Every structure is written in structure tokens, then in C-alpha cells.
Amino acid sequence: MRIFGFHGFKKNIFYLAFLAFPLGIFAQDAPNAPDFWDHVQFGGGLGLSIGSGYTDITLAPGAIYNFNEYFSAGVGLQGSYVSQKNWYSSYIYGGSLVGLFNPIEEVQLSVELEQVRVNSTFDEDFGSYKDNFWNTGLFLGAGYRNGNITIGARYNLLYDKDRSVYSDAFMPFVRVYF
């Protein structure tokens with residue numbers, strides 16, 4: 001025995017789904033819809049410092065997504081090798097999340113959460129020892145922006161002078177995204 005109206009209900013759902021499916025396909029191909037990659041910029045930092053027995057090499061690529069002309073957010077990676085001959089060597093690696101706010105075209109405010117692993121080996125007259133730890137930084141920054149380049153300073157709110165990879169809570173930066 002058939003329940004009244006159930007067969008017609010299934011038939012109407014089928015027709016509705018059949019007609020809506022092509023409309024959904026065409027809606028995804030809107031000619032003026034912005035592409036995700038049109039809002040992505042790549043950049044980062046590169047550092048090299050070589051002196052009398054001292055070496056510091058840093059590679060820090062990053063990418064941001066521009067939500068609009070005011071707000072951007074992104075991720076970054078960092079890798080460093082630092083060495084002082086006959087004293088220490090250190091490998092530093094990790095990542096970061098960054099949020100950028102441009103209240104006007106020339107000013108960029110930033111907040112950045114950074115987590116890096118520090119693996120250091122110290123060579124002393126009486127032997128060597130290792131110091132390995134995680135370093136977390138929460139930076140607030142401000143800078144002058146001209147096109148794709150921002151020059152400014154940032155301050156680490158979580159800075160601990162006894163346990164930090166950085167020598168100071170306050171540090172300058174140059175940020176470049178293409």
C-alpha cells in the first residue's frame with residue numbers, strides 16, 4: 001500500500017535538484033569573482049652576517065592573504081644558523097602567524113605570534129654543553145609602508161631576558177611582500 005503523496009514528493013525533489021544543479025555550476029563561474037591567489041602576497045626575510053669567526057645566516061619566507069585594503073593575515077617560516085668560532089653554534093627554526101592592519105596607506109600595524117626551537121651547543125675550556133628550548137614571542141609592531149616594503153619596529157610582550165633567543169624585547173624590522 002502506498003502512502004498518499006510520498007511518490008509525488010520524491011518526484012518533485014528530483015526535478016528541483018535536477019534544475020538547481022546546472023544553476024549552481026554557472027554560479028561558480030562568475031566572470032568577475034575574485035580569485036584566491038589574487039589576494040596572496042609572498043615575501044619574507046633573508047639575512048647574512050659574517051665577521052671575524054662569526055656567522056649568522058637566516059632564511060624566513062612568508063605569505064599573507066589580503067582580505068581588503070586594511071586587513072591581512074599570514075604565516076611564516078624561519079630558519080637560522082648562528083656560530084661564534086670556539087664558543088657556540090645554534091640552530092633556530094620555527095614558524096609564525098601575523099596579522100596586519102593598515103589604517104592609512106603609509107602606516108602598518110602588526111601583531112605576530114612566533115614559536116621557534118633553539119638548539120645551541122656551547123664549547124668551553126672545561127667541556128661543552130647543550131641548551132635546547134622553545135622560544136615564544138608575541139610582537140606588536142608599527143611601521144612606515146611604501147608599496148610592498150614596510151620599515152618599522154616591534155616589541156616582544158613575552159620577552160624574558162634570561163630565556164630568549166633575542167637580546168632585547170625591542171627590535172627593528174623590514175617587511176617585504178610581492
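Predicted model: local features only at pLDDT ≥ 70, side-chain atom pairs only at ≥ 80, totals over all residues.
Trainee: How much space lies in the largest pocket, and which residues are the closest to its centre?
Mentor: The space in the largest pocket amounts to about 960 Å³. Its lining is made up of 37 residues. Those closest to the centre are Thr58, Ala60, Gln78, Arg154 and Tyr166.

Trainee: How many residues of each class are in the lining of the largest pocket?
Mentor: The lining can be sorted into nonpolar, polar and charged residues. In that order, the counts are 18, 13 and 6.

Trainee: What space lies in the second largest pocket, and which residues are the closest to its centre?
Mentor: In the second largest pocket there is about 290 Å³ of space. It is lined by 16 residues. The closest to its centre are Val118, Ser120, Phe133, Ser164 and Val165.

Trainee: Which strands each supply at least two residues of the lining of the second largest pocket?
Mentor: By class, this lining holds 8 nonpolar, 4 polar and 4 charged residues. The strands that each supply at least two of its residues are β4, β5 and β6.

Trainee: Does Val98 count as buried or exposed, and how far apart in space are Val98 and Leu138?
Mentor: Val98 lies in strand β4. Its relative accessibility is 9%, so it counts as buried. Val98 and Leu138 are 40 residues apart in sequence, and their C-alpha atoms are 9.9 Å apart.

Trainee: What is the accessible area of the nonpolar patch that includes Val111?
Mentor: Val111 has its place in strand β5. It counts as partly exposed because its relative accessibility is 38%. Together with Leu140, Tyr155, Leu157, Leu158 and Phe170, Val111 forms a nonpolar patch on the surface, with an accessible area of about 570 Å².

Trainee: Why does Asp123 count as partly exposed, and what separates its C-alpha atom from that of Ser89?
Mentor: Asp123 is part of strand β5. Its relative accessible area is 41%, so Asp123 is partly exposed. Asp123 and Ser89 are 34 residues apart along the chain, and their C-alpha atoms are separated by 8.6 Å.

Trainee: Where is Asn86 found, and what is the value of its phi?
Mentor: Asn86 is found in the loop between β3 and β4. With a relative accessibility of 68%, Asn86 counts as exposed. Most residues other than glycine have a negative phi. Asn86 is not glycine, yet its phi is positive, near 60°.

Trainee: What share of the residues of the protein count as buried?
Mentor: A residue counts as buried when its relative accessible area is under 20%. The protein has 178 residues, and the share that count as buried is 27%.

Key. Residues numbered from 1 in each chain as written. Heavy atoms only, no water. 1 Å grid on protein atoms, 1.4 Å probe; cavity = no way out; pocket = protein on both sides within 12 Å on 5 of 7 lines; lining within 4 Å. Points joined across faces, edges and corners; volume = space filled by probe spheres on them. Nonpolar A, V, L, I, M, F, W, Y, C, P; charged D, E, K, R; others polar. Helix = DSSP H or I, 4+ residues; strand = E, 2+ residues; numbered from the N terminus. Patch = residues over 30% accessible without salt bridge, like charges linked within 9 Å, V, L, I, M, F, W, Y side chains within 5 Å. Areas by Shrake-Rupley, 256 points an atom, 1.4 Å probe, with all protein chains shown as cover. Salt bridge = Lys/Arg side-chain N within 4 Å of Asp/Glu carboxyl O. Buried < 20%, exposed > 50% of the residue type's maximum accessible area, 1.4 Å probe, protein only.
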